[in-house]
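Here are my notes on this model, as numbered points. Please read them alongside the coordinates.

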Amino acid sequence: MKKIVLVVAILVMALSLAGCKPKAAEPQEKIIIGSIQDLSGGASEAGKANAWGAEYAVKVINENGGIDGRQIEIITLDCKNDLNEGINVYRKLVDEYKVDAIIGPPLSNPASGWVELSEEDQVPIVGHFADEITTTNPDTGAVYPFMYLVQPSCGQQSDAIAKFAIETLGLKTYATLYNTGNAFAKAHAIPFMKYVRDHGGSVVAEETFTWTDTDYSAQALKIVAANPEAVFLSDYANQAATAYDALRDAGFTGVILGANTLALPFPTLVKNEIHDLYFLQNYDMLNPETRCYDLHQTYMKEVGSEYPKANVGFGWDAVQVLAAALEKAKDPKDGVEVREILESTKGVEICMGDITINPATHRPTTLGMHIAVYDENNTMQILTYVEP
Amino acid sequence: MVSQLIVNGISIGAVYALIAVGFAIVFSIMRFSNFAHGGMISACAFIGFYFQRAFDPAPPFYITILFTAVCGMAIAILIDTLGYSRIRKKKSPGIYYFLMSLTFAILIEQILTVFYGTNMYGYPKVFQNETFMIGDLRFKIMNLVILGVSVAMLIALILLINKTKVGLAIRAVAINAEAGKLMGINSGMIVTLIFVIAGILAGVSGVFLGVQYSVYPAVGSIMMVKGFIASVIGGLGSLSGAIFAALALGLIEIFLTYFLGARETTVIMFAIMLAFLFLRPQGISGKITEDKV
């Protein structure tokens with residue numbers, strides 16, 4: 001009897017164990033990334049392209065298994081290129097959506113509102129807000145620990161074109177024409193003039209306009225009277241086009257240098273023939289041999305755009321830099337750890353090149369800028385690359 | 001250099017005059033500042049742009065101007081029908097016209113932004129060469145065209161208002177709409193006619209601004225500021241005052257910008273407007289208008 005009971009007991013136990021399934025592995029918690037872009041404000045054309053690039057990068061990462069098996073969820077909100085709206089959507093992402101990191105816009109105005117908030121909330125922000133004030137305190141030089149710029153800063157970009165003009169074109173006398181109401185324009189024009197003066201050149205005219213000005217002919221006449229060899233225009237495309245036409249209409253036949261806002265569709269906005277124009281570009285978007293070529297072609301096909309937009313590369317690159325840090329982190333949801341890893345970013349492959357971030361400034365040290373021109377068909381051609 | 005500044009200043013002033021007159025003509029009858037004029041200008045700039053692109057090759061420039069003038073007229077009638085006429089029927093206070101006009105201005109700009117974004121578009125090139133020289137003076141061809149068209153339209157308007165029965169009716173309604181009705185004038189038709197004229201001016205302005213400055217949703221509202229200043233200085237409701245003030249504004253602006261700088265110029269321009277409002281609120285031509293009354 002006892003034997004029968006024992007056998008039955010063993011059988012029951014064996015059957016119970018056989019019926020037990022192994023405990024299913026719990027799905028890993030998603031990594032949540034916020035993306036703040038200008039989707040409806042004054043820079044929305046760039047913002048939408050930026051958002052597309054970031055979302056596409058997340059899609060590709062997820063399709064390749066995510067980050068250590070964790071999928072990424074990206075939540076895109078609209079800052080409308082406004083400081084206050086930028087803070088509102090930041091707060092929404094951090095407080096409501098509990099994001100682990102944020103991809104920022106290529107706009108310094110809204111980004112400047114997050115420099116201290118990101119430290120309080122310990123949320124790393126990676127973006128293309130090129131004004132130096134978004135990564136380092138303009139008064140003390142101290143770095144904002146949770147802010148990271150992944151393209152050359154305004155000053156670095158201006159140095160690149162000034163270096164090209166002085167060393168390659170051999171020009172010595174310059175003028176500037178820029179919008180004093182536009183932080184982007186000022187953040188380019190002032191370092192440009194400094195570089196020229198520091199390297200043996202001279203600035204013979206510094207002319208400005210404001211947002212409410214629609215005619216720059218007076219400024220153009222003054223510049224022509226000063227007779228510089230080159231004029232540097234650093235503004236958004238519309239103002240730059242008006243300035244270009246004003247200069248050519250006033251009889252200026254010299255070299256015109258421009259910021260990275262002179263890409264397509266700039267030739268469709270100017271009335272004068274484009275000649276002797278050299279401008280900055282972050283990517284060589286039309287070269288099939290570059291890293292970003294397929295990305296830009298995919299964007300153009302999907303969105304129906306006639307031309308590539310650098311901002312697609314911006315969104316993509318920002319996500320790649322952040323993803324590289326998230327992969328190295330033991331806990332990708334730990335903002336402090338991710339921040340420390342971002343600070344030591346070295347040789348991460350992005351469309352723009354291999355990026356290494358300077359821990360003292362949170363800006364890249366290894367990214368240069370392309371110099372572009374328009375050919376006789378107004379097709380953009382990359383002329384050369386200026387090393388950092 | 002001074003001669004060149006004068007040439008450039010008059011050119012700029014001609015653009016302001018076209019906008020200021022569209023503004024002034026509505027004020028002369030309706031006694032309110034029609035800020036929707038800026039929205040109409042933006043809408044017409046886009047209409048002209050897409051009209052040009054719809055055909056290959058692009059139609060002659062004057063055809064585009066005529067087409068957008070007609071479209072401007074239609075938009076103006078639509079705004080009057082949907083908004084201002086209802087206020088007239090209810091005999092509401094004048095402030096409602098102002099609010100309605102501001103609302104339409106913002107609405108039109110936002111509709112354009114929704115459909116076209118904040119991207120900028122460029123009209124195809126109209127002239128092979130943009131400028132030519134006479135002696136040491138450089139003239140921009142488009143500026144001369146704008147000046148010519150502005151002057152022609154303004155002469156036509158002044159002749160209409162001063163030499164025709166319709167113009168007599170317009171002046172009568174401007175003085176007193178109720179008395180005009182008692183005299184057998186169809187005030188409603190006159191008001192519609194005024195908006196038609198303003199719409200035509202918006203259409204023409206839109207194309208010229210689009211050609212000069214690119215096409216984007218805010219192009220009208222940005223230029224409206226200058227047109228408004230010219231109207232105030234010239235005397236709200238006075239066509240000749242608006243024209244004179246616009247030309248003067250163009251000259252003052254270019255000389256100040258040349259000798260003082262852009263930032264200072266903006267401040268001074270608004271200070272001049274304020275000075276007129278304080279010292280002579282009827283504007284340059286206001287006294288003439290008062291004498292006529």
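1. Two strands count as paired if DSSP finds at least two bridges between them. The model is predicted. In chain A, five strands form an open sheet in the order E2-E1-E3-E4-E5, and their pairing is parallel. Strand E2 (72-78) and strand E5 (147-149) of chain A are the edge strands, each pairing on one side only. On average, neighbouring strands of this sheet are turned by 25° against each other, direction ignored.

2. Strand E4 (residues 125-127) of chain A runs parallel to E5(A), and three bridges join them. Gly127(A) has Leu149(A) in E5(A) as its bridge partner. Helix H2 (residues 44-63) of chain A packs on the sheet, where it touches strand E1 (31-37), E2 and strand E3 (101-103) of chain A. The direction of helix H2 makes about 170° with that of E2(A).

3. How is chain A divided by the domain assignment? Domain 1 covers 31-152 + 290-368, and domain 2 covers 155-281. Their centres, taken over C-alpha atoms, are separated by 29 Å. Nine residues from domain 1 of chain A and twelve residues from domain 2 of chain A take part in the contact. On the domain 1 side, the touching residues are four nonpolar, three polar and two charged.

4. The largest nonpolar core holds 214 residues; Leu322(A), Ala17(B), Ala20(B) and Val21(B) have the most contacts inside it. Helix H1 (residues 2-30) of chain B gives the most to this core, with 16 residues. Domain 1 and domain 2 of chain A each supply at least three residues to this core.

5. Leaving aside neighbours within four places in sequence, Ala17(B) is in contact with Ser150(B), Leu154(B), Ala242(B), Ile243(B), Ala246(B) and Leu247(B).

Definitions and conventions
Residues are numbered from 1 along each chain as its sequence is written. Chains are lettered from A and ligands numbered from 1 in the order in which they are written. This is a predicted model: local features need pLDDT of at least 70, side-chain atom pairs count only at pLDDT 80 or more; totals for chains, interfaces and linings use all residues. A nonpolar core is a set of buried Ala, Val, Leu, Ile, Met, Phe, Trp, Tyr and Cys residues joined through C-beta atoms within 7 Å. A residue is buried if 20 or more other C-beta atoms lie within 10 Å of its own, exposed if 12 or fewer, and partly exposed in between; C-beta atoms are placed from the backbone. Helices (H or I, at least four residues) and strands (E, at least two) are DSSP runs, numbered from the N terminus. Domain bounds come from an automatic or database domain assignment. Two residues are in contact if their C-beta atoms, placed from the backbone, lie within 7 Å. Ala, Val, Leu, Ile, Met, Phe, Trp, Tyr, Cys and Pro count as nonpolar, Asp, Glu, Lys and Arg as charged, and the others, Gly among them, as polar. Axes are lines fitted to C-alpha atoms, for helices over the stretch in contact, and angles run from 0 to 180 degrees between N-to-C directions.
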